[in-house]
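Please look at the pockets of the structure shown here. The paragraphs below go through what lines them.

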Amino acid sequence: FSSVPFAFYKEFQVKTGGYSVEFGRTTGGVINAVTRSGTNDFGFGSEITWEPDFLQSSKTNRPGILGEYDEYNRTNYDIYASGPIIRDKLFFFALYEFRDYNPVNTDDSGIRFEDAQEDDDFWGAKVDWQINDSHLLEFMGFSDENTSEAVTYGYDFETGERLDEGSEPIFVDTGGRNWNATYTGYMTDNLSMKLMYGETE
């Protein structure tokens, strides 16, 4: 999956029948997420999401599983802009998100403690080219590439003290770069065509 900011979306659609071939071999229904696009009006905005650990409830411990120390701090700051490159013809939407995520958790036995840090940012953009009334070309791309750096160490939960210097940093890569291009053609009043190609890393 990809981690995409909510501000990157225009709308969510629930389709339960009669949807087009672009959704593949689905049989029950589709939840379709539509990304935002530019218009003839310039616009910009920003958004901050803050999730501090002190406002989170504690997990309930279960036999053999220690969870009360699991928590995280997360701050996301989005800035975005949209508008025309050429009025009535070419439009853009672009978003950049600064990310700071610090999860900490224990192993089930409560012997080791892990402290991780993730601060790779997100970027996304969409360009729409209304070639004429019958032909539309869209290009969308985004990157949620991220590297988590974590250190684990022994921990005395009764005294709140470290028992060792900790492990060498453990690096985990997630996310990737994604893009697609879509052509829509309205051939006649009764015939339209859509071609789409994309890659997900």
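Strand 13 provides seven residues, the largest share of the lining of the largest pocket. Strands here are DSSP runs (E, at least two residues), numbered from the N terminus. A pocket is an open set of points on a 1 Å grid over the protein atoms alone, where a 1.4 Å probe fits, with protein on both sides within 12 Å along at least five of seven lines; lining residues have an atom within 4 Å of a point. The model is predicted: local features need pLDDT of at least 70, side-chain atom pairs count only at pLDDT 80 or more, and totals for chains, interfaces and linings use all residues. Residues are numbered from 1 along each chain as its sequence is written, and side-chain values use heavy atoms, with hydrogens and water left out.

The lining of the largest pocket has 43 residues, and Ala33, Val34, Thr35, Lys126 and Glu138 lie nearest the centre of this pocket. Strands that each supply at least two lining residues include strand 1 (9-15), strand 2 (30-35) and strand 12 (177-186).

The second largest pocket is lined by 21 residues, and the closest to its centre are Ser3, Arg74, Glu97, Arg99 and Glu118. Strand 5 gives the most to this lining, with four residues.

Arg99 is found in strand 5 (residues 90-106). Is Arg99 buried or exposed? Arg99 is buried, with a relative accessible area of 16%; buried means under 20% (1.4 Å probe, protein chains only). The side chain of Arg99 reaches the backbone oxygen of Ser3 at 2.9 Å.

Terms used:
Buried < 20%, exposed > 50% of the residue type's maximum accessible area, 1.4 Å probe, protein only. Polar contact = N/O pair within 3.5 Å; in protein donor to acceptor, adjacent residues only side chain to side chain.
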